[in-house]
Amino acid sequence: MTDSSPADGFTAQTECGGPTRTPWRAFLRTETGSAAVLLVAVIAALAWANADLSSYDRFWRTHVGLSFGSRSLSLEVRDWVNSGLMAVFFFVVGLEARRERDMGELRDGRRIALPVAVGISGMLVPVAIYLLVNAGHSTVHGWGAAMSTDTAFALGMLALLGKRLPTGLRTFILTVTVVDDFVALGVIAFAYSERVAPVALLVAIGILGVIVLLRYEGVRRGGWYALLGVAAWVALWESGVDPVVIGLVMGLLTSAYPAARGDLERASGLFRRFREQPTPELERSARIGLASAISPNDRLLRMYHPWSSYVIVPVFALANTGIQLSGAQLSQAFASPVTLGIVCAFAVGKPVAVLTASWLSARFSHGRLRPPVGWGAVAAGGTIAGAGFTVSLLIATLAFDGEQLENAKIGILTALLCAFTLTWAVSAVIGLLPKRRRNRALLGTAESIVDLAVPVDPELDKIRGPLAAPVTVVEYGDFDCPYCGKAEPVIRELLADFGDVRYVWRHMPLTDVHPGAMLGAEASEAAHDQGAFWEMHDLLLAREGTLRFTDALGFAADLGLDTERFERQLRRHKGAGRIADDVDSADLSGVSGTPTFFINGRRHHGAYDIGHLSAAVRTARQQAALTEPES
């Protein structure tokens, strides 16, 4: 069990009830936090280059070689970073893309079309602008440097702007940048690779085939994949194709899925056996059982994403953004078609492309393909998409050298400043709108994905609050779970603060972890038969320790219930059908731990302290208000 404070804004629930970071929330937190580290790396590179350019160039041009028997591979340190370490960066991108497809916003096939259309448009329009500015110049071949959004800087800007923009914009930006990175990598592989050696390329494809076969056979040992990945990287390098592509491919092959309750129960059983007999054999079985309950995508994202965001991308920035800045250098750069093309592509092309593609998709699909946020937020997303850095810089190093490369770097850094300035301006204008129009501009009216498989039924569900409330909070809970007990006063405070929220309790007894879980659920149902469900609910969650039969009878007596009738129903397990129905609905909704919350049908990934739950309820209430006619 993981016991961390629910005050952490990026916590959710585990099978045993303890809050822990969800992969999606952890991904956002890592990206936004890493933006600051990335900015420090850029400043350090500029300071180093302006203090001693020869030292900067000498270090990154140092050759480092590896020997494999009679074969050797010698590259500059910068090449090891750009093609070696960046393969890990693209591996993380591939993992997140696969996760979004399997479990995120893109799991609904109809929702794939919009980010694909926006992502591709958000690359084609900037490229067209760059080509227009550079028409007739030898720099026209550098068009690839003007098309790719940097995820870390984009999400970092959203973090800095805080409550000015809706949280749904983060999801929209991320899904668009996943498409962006995928296409950009194809551009690197086919447009900016050297002359291709067919034999080496066939070897690389063959190794990828072996990797696919191992995935199909269910092999989970990471060592095999690491070894084959390195071999494929070397083969691609020898073929002339930039080997960063191997990272994305391997990431896309790594499936994501929620932890199934059955797998978690088996893992609990294995751990209990080890607890009773701590032998090496049982330790290994417990370790394998625990690992197998979590998808490979989850484990690898948790392992590599911090390294990618806090080490690899900043090192890449340190290796590639070192340029000397002076008045003459800047004057010359801003007269260059390379700099102007990149700045115009990102500052003008990206916002126009994102807005236009989103509007056309909504119009020609008759509203079926609408952005998950309002048009004001889409406009802000377009300006944020103008933050190009990592992939753009990588392509610039492949397309240019010398003075042209320096100009491209200045253009990329200038586009970053423009993106933040324009986004701040758009959010400021939205903030001046009247409240209702501001909410519509930020939130929109698109239907969100409904995660709650079984809708709330006032005839069957246990409900607190007004039946016709615009916001419904559903909790799957366990009366023997200490974290459900911690959440109870938070729910009470939430209902007191918001008079238009209804709260629904559904049973999710984790009998493999909490011995008194089923008895607690049955006791609440026996009390419900006498009209005292919520009174029993409160007593059960307020107590400490495992519930015993005599405790349940004592609670019934304290509530003034007919104890004989209560005991009779309890012994006959009256209400077991209702409990089973709740558990079935939990399974259909992908619930595996307690407490798990749904707000207006959407699963709440995050802390269940009053601050985070209130913010989620407030957003849901604003969204619901947009569908009501104006008075």
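Predicted model: local features only at pLDDT ≥ 70, side-chain atom pairs only at ≥ 80, totals over all residues.
Modeller: Residues are numbered from 1 along each chain as its sequence is written, and side-chain values use heavy atoms, with hydrogens and water left out.

Biologist: Thanks! How many helices and strands does the protein chain have?

Modeller: Helices (H or I, at least four residues) and strands (E, at least two) are DSSP runs, numbered from the N terminus. Counted that way, the protein chain has 9 strands, and its helices number 25.

Biologist: What is the radius of gyration of the protein chain?

Modeller: The radius is taken over C-alpha atoms, and the globule rule is 2.2 Å times the number of residues to the power 0.38. For 631 residues that rule gives 25 Å, and the chain's value is close to it, so the chain is as compact as a globular protein of that length. Along its principal axes the C-alpha trace spans about 90 × 70 × 45 Å. The radius of gyration itself is 28 Å.

Biologist: What percentage of the residues in the protein chain is buried?

Modeller: Buried means under 20% relative accessible area, exposed over 50%, and partly exposed in between (1.4 Å probe, protein chains only). Of the 631 residues in the chain, the buried share is 51%.

Biologist: And what share of the contacts with a separation of 6 or more comes from residues 24 or more positions apart?

Modeller: A contact means heavy atoms within 4.5 Å. Among contacts in the protein chain with a separation of 6 or more, residues 24 or more positions apart account for 79%.

Biologist: On to salt bridges: how many does the count come to?

Modeller: A salt bridge is a side-chain nitrogen of Lys or Arg within 4 Å of a carboxyl oxygen of Asp or Glu. By this rule the count comes to 16.

Biologist: Which residue forms a salt bridge with K350?

Modeller: The closest N and O atoms of this pair are 2.9 Å apart. K350 lies in helix 14 (residues 337-364) and its partner in helix 6 (residues 168-191), so the bridge ties together parts that are 170 residues apart in sequence.

Biologist: Why is helix 16 described as largely enclosed by the rest of the structure?

Modeller: What covers its buried residues includes helix 3 (77-102), helix 6, helix 12 (296-320), helix 14 and helix 17 (402-431). Among the buried residues of helix 16 are T390, L394 and A399. Helix 16 (residues 390-399) is called largely enclosed because its buried residues number 9 of the 10.

Biologist: Where is the proline that a cis peptide bond joins to T594?

Modeller: The bond joins T594 and P595, with omega about -10°. P595 is in the loop between helix 24 (576-588) and strand 8 (596-599).

Biologist: Which residues does S295 contact, leaving aside its neighbours within four places in sequence?

Modeller: S295 lies in the loop between helix 11 (280-293) and helix 12. Its relative accessibility is 0%, so S295 counts as buried. With those neighbours left aside, its contacts are S255, A256 and Y257.

Biologist: Last one: how many Å apart in space are F549 and V245?

Modeller: F549 is found in helix 22 (residues 549-558), and it is partly exposed at 24% relative accessibility. In sequence, F549 and V245 are 304 residues apart. In space, C-alpha to C-alpha, they are apart by 61 Å.
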